[in-house]
Amino acid sequence: MDRFTTLNEFYTKNDEDMRFESKHGQVEYLTTLKYIEKYLEKGMKIIEIGAGTGRYSHYFARKGYEVDAIELMECNVEAFKKNTHPNEKVTISQGDAIELDGIPSEVYDVTLLLGPMYHLYTVEDQLSALSEAIRVTKKNGVVFVAYCMSDMTMYQYCFGRNMILDANKSNKIDENFKLYSLPEDIFQLYRKEDIDALMADFCVNRLHYVGTDMLTHMMRECVDSMTDEVFDIYMRYHFNVCERPDMIGATNHVLDVFRKV
């Protein structure tokens with residue numbers, strides 16, 4: 001199956017907005033917002049490439065920022081439009097992260113690439129998406145890229161859900177226990193060395209490398225049962241450790257933040 005067909009089937013059946021409704025889902029969302037807001041200033045222009053149903057785009061548009069959004073899946077574009085409030089300075093158009101031909105270079109102060117790297121299965125497509133995100137960003141602008149990580153998937157699914165034998169039989173694990181994905185697997189998985197290799201030839205300076213949910217998904221029932229007071233303490237702890245080099249490997253999702261030079 002090709003990438004578009006599998007993604008269309010997945011996003012038609014799954015409610016993307018529900019991912020952030022639980023407390024365990026909010027950890028990734030709140031962390032991503034926190035880091036984006038470090039670099040936002042009044043009057044900045046934002047593009048979100050792979051905007052989904054618009055959770056981030058609408059958040060920033062409702063705060064008064066001008067936001068342009070690109071999304072591949074038609075079902076998500078329609079949901080995005082339905083979620084748009086009157087007077088939001090937001091646009092949405094259908095397009096693919098690997099080819100943004102209609103968008104001029106160096107237009108945006110902040111570029112969000114928070115979904116596409118999850119669903120690109122070749123290095124060529126991954127580099128194309130990164131190159132396009134960097135191209136449309138102004139010099140000294142900041143780019144935010146999200147990734148799904150291999151090792152926590154190994155813990156959580158291969159061993160935690162007893163899927164290791166199936167993964168072995170289908171040759172999706174190499175001798176170093178790196179997981180490999182095909183379009184039918186939906187999610188492409190990375191290690192930090194993969195991300196570093198992808199970024200090696202771009203003219204950028206890394207600002208942050210953040211574990212956006214850390215061990216949250218391994219203890220999701222515990223996190224979801226927390227009172228608001230305990231959850232607040234949990235988030236303060238999370239923000240304290242989410243950039244620590246000795247901790248970042250223990251995360252399902254990573255946010256790579258860099259400045260275009």
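Charge first: in this predicted model, the mean positions of the 29 positive and 43 negative charges lie 5 Å apart. Local features need pLDDT of at least 70 and side-chain atom pairs pLDDT 80 or more, while totals for chains, interfaces and linings use all residues. Numbering runs from 1 along each chain as its sequence is written, and side-chain values use heavy atoms, leaving out hydrogens and water.

On overall form, the radius of gyration (over C-alpha atoms) comes out at 18 Å, which agrees with the value near 18 Å for a compact globule of 261 residues; that rule is 2.2 Å times the number of residues to the power 0.38. The C-alpha trace spans about 50 × 45 × 35 Å along its principal axes. Buried residues (under 20% relative accessible area, 1.4 Å probe, protein chains only) make up 51% of the 261. As for contacts (heavy atoms within 4.5 Å), 75% of those between residues at least 6 apart in sequence join residues at least 24 apart.

The fold has 10 helices and 8 strands, taken as DSSP runs (H or I, at least four residues; E, at least two) and numbered from the N terminus. Strand β5 (residues 137-149) has 10 of its 13 residues buried, so it is largely enclosed by the rest of the structure. Strand β4 (residues 108-113) pairs with β5 in the parallel sense over 5 bridges, pairing requiring at least two DSSP bridges. Within this pair, Thr 111 stands opposite Val 143 of β5.

Key
Buried means under 20% relative accessible area, exposed over 50%, partly exposed in between (1.4 Å probe, protein chains only). Lys and Arg count as positive and Asp and Glu as negative; His and the chain ends are not counted. The place of a charge is taken as NZ of Lys, CZ of Arg, CG of Asp or CD of Glu.
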